[in-house]
Structures are given as structure tokens and as C-alpha cells.
Amino acid sequence: MSSSTTTLLDAQDIYGGYGGADILKGTNLRANADEIVVIVGPNGAGKSTAMKAIFGLVKVRTGKVLFQGEDITNAKPEQMVRRGIAYVPQEQNVFPSLTVQENLEMGGYLMTGDLKPRMEKVYDLFPKLAERRRQPAGLMSGGERQLVAMGRALMVDPKLLMLDEPTAGLSPKLIDETFERIKQINAQGIGVLMVEQNAKQALAIASRGYVLATGANRHEDTGPNLLADPEVAEMFLGG
Amino acid sequence: MNDILQILIYGMVLGSVLSMGAIGVSMIFGILRFAHFAHGDFMTLGAYIGLTFIGVMGLSPWFALPAAMVGMAVVAVVIDQLLYRRIRRTQPVILLISSFGMALILRSLIQLIWGSENQTYASGIQFPWRLDVLGGLRIKPDHVWIVLISLGLVAGVHLFLTRTRMGKAMRAMSDNMDLALVSGIPAERVIIVTWIIGGALAAAAGVFLGIDTRLHPVMGWTTLLPVFAAAILGGIGRPYGAIVGGMIIGISMEMSTLFISAAYKPAVAFAIMVMMLIFRPQGIFKGTL
């Protein structure tokens, strides 16, 4: 590997799906440690599937997923976590009957040693969670649950955080706040790869963005350039 | 009044037995997503393992209890590894039917090994304590122990589920299987622990039933229906609900003898289960069904 800025994730020409016809037809994604990379695209483009394929939840039929130069194609989620990849699914991303604190503990299940310092780091980032550490996650609001979900993922001290639509169903105010948090997380040296429906806002904070359509790359550029591209705007950003 | 108190005690004893079975059924459903039909026969096998320890080593039933629990925990894990693990990724209905087959296998094995006639742990009659302050209420020491040990086991399960990492992982898997996998929780290890607890508690239920009544190869099978009723009443997948459900079903079954023939006791459990499934299928404590 020859790179000064380390390429964390490199997904090369991925084909795959849920067993039937391929949903991903030649997807390429890259993410560096200092980047926020955003995937946008129309419904059914395979955005979530691409995330799952990278994390080993959807079978990659051909193509390669490299993490820090090592081949992790179709590895088990447990292996992904051990290597420093954390994934937050779009829906049902907390353990509802477990308290906030227990949710965080489960995030750090594979970690050896004391979880306390990691937990304190998460509470520093999301002070709201510290206040509610004894509350079952299922009784919290959508925005708070999203924080729990991210907090759980951060418990493994990930190098790469993968977020599937972290702002889905949130109010505009909470959407802003969530993007702020994501910038904060990235500032700590954690690479972020996320799928977003709120494409305009997401691209505004993105280092780079990908536009996926029918399972393949359609555009790839910096966030601002994609936002400025009239074709992208018309096709995917609602004009 | 006296009658009602007396029957309440019987109800609590039966409730303890049902709770021990229902916690396991509920946990197994929560984590493996199928109704474990061999659980009644787990209870029976546990009771007979206890009988062997009593016969061979001359232990009293109370000391045979932990031995039976350990033995049954091992058997449960072996059965899981030999049978259920191989069909883990198929549909739940296949697991359910397989567990039905396992129930038949276990029952036949029990008949082959221990015979099909009634057996008892200890011969003779135990004299109850007479409580004159409560109008001559009679309490058998055995009954007191059954309820107390059940409470102890329930407290143990509670501490395990809320204080240990593995216990929390079990609740997490029961809550959200996909997220547990994504978090890196080792599913297979959690499943094995689930069988250890489920098997041990089933053995406790079987030994309690054996102490309270007698041993018979279908003792567990005939108790399976009220055990399921208890698990459903409490909200399947919720071990705490299973305890409440077990007590309610046990007491209702015994109380019903005040009004109808004792032969209808299982019908009472069945009626409660059907009502629950119609009007509140998620159970008292919102289950995962």
C-alpha cells in the first residue's frame, strides 16, 4: 500500500445481493480516516445494501472489500467489529429493553478490559445519554435513540463508523444536531461512511460523496461539487 | 377462607413448577425463536436423573436437585449441538417440529431406562406442619422448600440477566437479534448458555414435580401445556413475565378445583392461554411474539 493519507476502506467493483438477482452491480466505495463520505441516490439504488455488503451482512458475489489493505470480503460481523468497523443499521438500532448503559456495554461486548473509560467518552460526546443512562432505550425519543445507536457503535473505538440514514424520521432541528455530532466524531479521527436521504445537508458536511443508481456508481466527487452539479441536483436532490 | 388459603399454597407450589419450566421456554423462544416442545420431557428427564442420584448415591431429593440440574444442563447442550444447531438457519416451524420429535425420543428413552410405571423419590407420608393460628392450615415442609428454592432460582436468574455481561447479551439477543450480531455478540455462545439455564431450570421443575407428586414418563409432557400458557401469559421471550405467568396459571388451576372437577385443571390453563392469545397476544409484559 502506498498512501500518505491512509485509505481505510476500499470496496472494489462489488456485485451481490440477497441471493436472487444482484442488487449491487459494480459498486465502488472508498473512505479515508479523515473523511465523511456520503452515499446518496434514489430509492432502490442499493445504498443500504452496499453498506451491508461491506459489513458482511449481504453476500458479495464478486469484487473485493479491503480494510486497511486487508481483504475482509464476506467476513463475519464479529470480525468486522474486531478490526474496527462499527455499523449502525437504519432501523431497530437499539436494544429497547436494555438501559442506555447496557446498550453501550453490548456495543463493547468484544472489548477486553474496562469499558468505563470508553463509556465516559461516549457520555462526553452525548451528554444527554449520561443523564438517562438508567432508562430503557425503548422508552426514548427517536432522536435520543439515534444517539444511543451511535454511542453503542462508538464503544469499540472504531476506525470507521458506518451509518445507515442516521437522520431518518428526525425533526429538522435534530437533523442539524445529528450532523453536528457526526462532524465531531469525524474530528476525533474516525472515518464516517453514511447513507443519507437528506442529501443536500449531508453533502454539505461531506468530504466526498457518491451517487449510486441501480447498484452502480453514477457520480463521485467532493460534497460541494456534487451539490453544484445540475444533473445530480435534478436527478437525486429534488431540484 | 381456610380452604382458599390451603389451595393458594398448592397453587404457589404448582406455580413454582410452572415458572421454572416457563422461564426456559420463554428464553429459548426469545433467543432461538421457536416454541420448544421437548421442554416438558426435559422436565421429566431431569426428574429421572434426580431419581438415579437418589437411588445410586443415596442422596435426599434436595441434594439430588443440583445434580439433576447440572445433568440436564449438559443434556440440553448436547441435544442442541446434535440436533438444533444443524437446523438453526431453517424456518422456525422446522425447529418446532424437530423439538416435537425430540420430545418423543426422550420419552421413549425414559421408558426404556427407568420403566413406565409410577415411581417416587421417597416412600411414606410426610406430616404437614399445622398452623393453628391460621385456623389449622396445614403446610408440608416440602411445599415450603419448593417455593423457597424457586424464589432463590428466580433471584439467581434475575441477577444473572441484569448483572453479568453474558446475561445482558442474552437480553440483547432476545431484544434484537440482528443488532446483537452487528455488535459482535457471539450468538452461539449465548445460545449454549440459554440451553444451560433452560435445561437446569427444567430439571428443577421436574424434581419439584417429583417431590410433590410422583414420577411418570409423561409427567412433563402433561405439564407442558400449562408451562406454555404461563410463558404466553407473561409475554413470550420475557423471563420475568414467565414467573408471573407461572404463578397466575398455577394458582388459577388449583383455585378452579373449588368450583369444577380437578380433572379440568389443564383446561383452565388452556382457557387462560386462548383468552390471552385472543385479547392480548403480547402477554402481560410485552413479549416478542
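Author: A patch here joins residues with over 30% relative accessible area and no salt bridge; nonpolar side chains are linked within 5 Å. The model is predicted.

Reader: Which residues form a nonpolar patch on the surface of chain B, and what is their accessible area together?

Author: Five side chains take part: Ile4(B), Leu258(B), Phe259(B), Ile260(B) and Tyr264(B). Together their accessible area is about 530 Å².

Reader: Is Ile4(B) buried, partly exposed or exposed?

Author: Ile4(B) sits in helix 1 of chain B, residues 2-32. Buried means under 20% relative accessible area, and exposed means over 50%. Ile4(B) has 41%, so it counts as partly exposed.

Reader: In chain A, which strands stand at the edges of the open sheet of four strands?

Author: The strand order is 2-1-4-5, with antiparallel pairing.

Reader: What is the bridge partner of Gln12(A) in strand 4 of chain A?

Author: Strand 1 (residues 7-17) and strand 4 (residues 59-67) of chain A run antiparallel, joined by seven bridges. Across from Gln12(A), the bridge partner in strand 4 is Lys64(A).

Reader: What angle does the direction of helix 1 of chain A make with that of strand 2 of chain A?

Author: Helix 1 of chain A spans residues 47-54 and packs on the sheet. This helix touches strand 1, strand 2 and strand 4 of chain A. Its direction and that of strand 2 of chain A make an angle of about 70°.

Reader: How many residues of helix 1 of chain A are buried?

Author: The buried residues include Ala50(A), Met51(A) and Ile54(A). Lys47(A) is also one of them. Helix 1 of chain A is mostly covered, with a buried count of six of its eight residues.

Reader: Which residue with positive phi follows helix 1 of chain A?

Author: The phi in question is near 85°. The residue that follows the helix is Gly56(A).

Reader: Why is strand 8 of chain A largely enclosed, and how many of its residues are buried?

Author: Both faces are covered: Gly191(A), Leu193(A) and Val195(A) on one side, Val192(A) and Met194(A) on the other. Strand 8 of chain A (residues 191-195) is largely enclosed by the rest of the structure because its buried residues number five of five.

Reader: Which residues stand opposite Leu193(A) in strand 8 of chain A?

Author: Strand 3 (residues 36-40) of chain A pairs with strand 8 in the parallel sense over four bridges. Strand 7 (residues 160-164) of chain A also pairs with strand 8 in the parallel sense, over five bridges. Opposite Leu193(A) stand Val37(A) and Met162(A).

Key: Residues are numbered from 1 along each chain as its sequence is written. Chains are lettered from A and ligands numbered from 1 in the order in which they are written. This is a predicted model: local features need pLDDT of at least 70, side-chain atom pairs count only at pLDDT 80 or more; totals for chains, interfaces and linings use all residues. Side-chain values use heavy atoms; hydrogens and water are left out. Patches are made of residues with over 30% relative accessible area and no salt bridge: like charges are joined within 9 Å, nonpolar side chains (Val, Leu, Ile, Met, Phe, Trp, Tyr) within 5 Å. Accessible areas come from the Shrake-Rupley method with a 1.4 Å probe; for residues, only the protein chains shown count as cover. A salt bridge is a side-chain nitrogen of Lys or Arg within 4 Å of a carboxyl oxygen of Asp or Glu. Helices (H or I, at least four residues) and strands (E, at least two) are DSSP runs, numbered from the N terminus. Buried means under 20% relative accessible area, exposed over 50%, partly exposed in between (1.4 Å probe, protein chains only). Two strands pair if DSSP finds at least two bridges between them. Contact means heavy atoms within 4.5 Å. Axes are lines fitted to C-alpha atoms, for helices over the stretch in contact, and angles run from 0 to 180 degrees between N-to-C directions.
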